Amino acid sequence: MRPCVPLIVAILCSLAWAGKLESCASRCNEKFNRDAACQCDRQCPRHGDCCEDYEHLCTVQEDPEEPEPFLGLEEEMLEAPASNLYSAPSSCRDRCHEAFDRHQPCHCNARCPEFGNCCKDFEILCGHEGFSYSRDAITKEELQSVSEKIYRADINKAKKEDIILNSQNRISPSETRDHVDRCPEPLFTYVNEKLFSKPTYAAFISLLNNYQRATGRGEHFSAQQLAEQDAFLREVMKTAVLKELYGFLRHQNRYSSEQEFVNDLKNMWFGLYSRGNEEEDSSGFEHVFSGEIKKGKVTGFHNWIRFYMQEKEGLVDYYSHVYDGPWDSYPDVLAMQFNWDGYYKEVGSAFIGSSPEFEFALYSLCFIARPGKVCQLSLGGYPLAIQTYPWDKSTYGNGKKYIATAYVVSSTQ
């Protein structure tokens, strides 16, 4: 009988291990585990796959946490050296009214003229109330407060019945590079296209086909296409969402007039620069909302309307998702994998069901307040973080930067 002992021990051990994977003991808030019989992550109640003891073991009141990232840097940001993303220390670009730092070769605080140690461009960039104030001048609490106001002001967002989403298979972050289509059905089962007749939606959609998606090929706008940019800005500025944003930024001394604000939005979003060769082949709007192809990969493409329309035409194939946000109404957030007419997107986040002005406002807010940094917001009581990057290889105005990219990087998990 002695030879059977190792077998009995192995069986008991395997049963014990299986038992562990059927319980949340020591597993609360772990990442999604494909091999487990049930889950203990914070999204399992939404997916209906929690272990029986999840509520007892894992739903005790916790202290609020910072949002956890589910996305890394965009591909082209990973390739760019740091010097392309951040300002040189000898300039006041993005440093106006920052705290004194004795390690800096020159300074941009309010007292540097008194001590004669200002950077050479201090007067140009910081000598007036405008866009160039330090990103630290707006506090995290102020960002969370205004983002909640913008969230409540989005009356053009989709209602629950306007969109039927079929998110299907959720994968682990380690599987995002597999290029495997795990979802046989489209992401969007139904969208109420009456939404698209609303003025901001219609103006937004008219812009999407004005671009060549391959970087390295110059963009040349017709008079009609330039007029469409102006029309979009006019329509979004009529909304409560953009009025809320402008009122906040004016109160923060970022802009002195609505026209100054609109002019800056047009430059930062629609101004052209070169991602590829010498051609002016890209803009913040094209990258973030329409999407681009660079070095055989999808970059940008963070908009649900664009995704739906391309999926409807058979040009987008939804593969899977790695994250589904906590909101039980729209807008929500989905981080997904997909193929765009032969090119793969490893992880692309997008608001779902939001109005064009809502996304435009939040990305603009974060770019102005936290360029090159993670921007902590709050939407409907849930934390959300947006990453933006400026394009530093060329500028407009008095050294102001274009938007390189903007996308959701984290939320509550």
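Me: Is serine 355 buried or exposed here?
Reply: In this predicted model, serine 355 has a relative accessible area of 0% and is therefore buried.

Me: Where is serine 355 in the chain?
Reply: Serine 355 lies in a loop, the one between β8 and α14.

Me: And which residues is serine 355 in contact with, leaving aside neighbours within four places in sequence?
Reply: With those neighbours set aside, the contacts of serine 355 are Asp154, Asn156, Lys157 and Tyr201. Tyr201 turns up again elsewhere, as one of the α8 residues that meet α13.

Me: OK, go on to that pair then, at what angle do α8 and α13 pack?
Reply: Helix α8, residues 199-208, and helix α13, residues 304-312, pack at an angle of about 60°, and their axes are 11 Å apart. The two helices are therefore oblique to each other, and their crossing is right-handed.

Me: Which residues meet there, between α8 and α13?
Reply: From α8 the residues are Tyr201, Phe204, Ile205 and Leu208, and these meet Trp304, Ile305, Arg306 and Met309 of α13. Divided by class, the residues of this contact between α8 and α13 are seven nonpolar, no polar and one charged.

Me: Switching to the sheet, in what order do the strands of the open sheet with β6 come?
Reply: The open sheet is formed by three strands in the order β6-β7-β8, with antiparallel pairing. Strands β6 (316-324) and β8 (343-352) stand at the edges, and because each has a single partner strand, one side of each is left without a neighbour in the sheet. From one strand to the next, the twist averages 30°.

Me: How many bridges join β6 to β7?
Reply: Seven bridges join β6 to β7, which covers residues 332-340, and the two strands run antiparallel. Within β7, phenylalanine 338 is the residue that stands opposite tyrosine 318.

Me: Which strands of that sheet does α13 touch?
Reply: Helix α13 packs on the sheet and touches β6, β7 and β8, and the direction of α13 makes about 145° with that of β6.

Me: Back to α14, how do the axes of α7 and α14 cross?
Reply: The axes of α7, residues 140-153, and α14, residues 356-369, cross at roughly 165° and come within 10 Å. That angle makes α7 roughly antiparallel to α14, and the crossing in which α7 passes α14 is right-handed.

Me: What meets what between α7 and α14?
Reply: On the α7 side, Leu143, Val146, Ser147, Ile150 and Tyr151 meet Phe358, Ala361, Leu362, Leu365 and Ala369 on the α14 side. The contact of α7 with α14 has nine nonpolar residues, one polar and no charged.

Me: Another serine now, where is serine 91?
Reply: Serine 91 is placed in the loop between α4 (75-79) and α5 (112-115). Its relative accessibility is 12%, so serine 91 counts as buried.

Me: And what does serine 91 touch, not counting residues up to four places away in sequence?
Reply: Under that condition serine 91 touches Cys106, Cys108, Cys119, Asp121 and Leu125. As for proline 105, the C-alpha to C-alpha distance from serine 91 is 9.5 Å, while the two are 14 residues apart in sequence.

Me: Last one, how many helices and strands are in the chain?
Reply: The chain has 14 helices and 11 strands, and buried residues make up 53% of its 413 residues. Of the contacts in the chain with a separation of 6 or more, 63% are between residues 24 or more positions apart.

Note on methods
Residues numbered from 1 in each chain as written. Predicted model: local features only at pLDDT ≥ 70, side-chain atom pairs only at ≥ 80, totals over all residues. Heavy atoms only, no water. Axes fitted to C-alpha atoms, helices over the stretch in contact; angles between N-to-C directions. Helix = DSSP H or I, 4+ residues; strand = E, 2+ residues; numbered from the N terminus. Parallel < 35°, antiparallel > 145°, perpendicular 65-115°, else oblique. Left-handed = near helix turned anticlockwise from the far one by under 90°. Contact = heavy atoms within 4.5 Å. Nonpolar A, V, L, I, M, F, W, Y, C, P; charged D, E, K, R; others polar. Pairing = 2+ DSSP bridges. Buried < 20%, exposed > 50% of the residue type's maximum accessible area, 1.4 Å probe, protein only.
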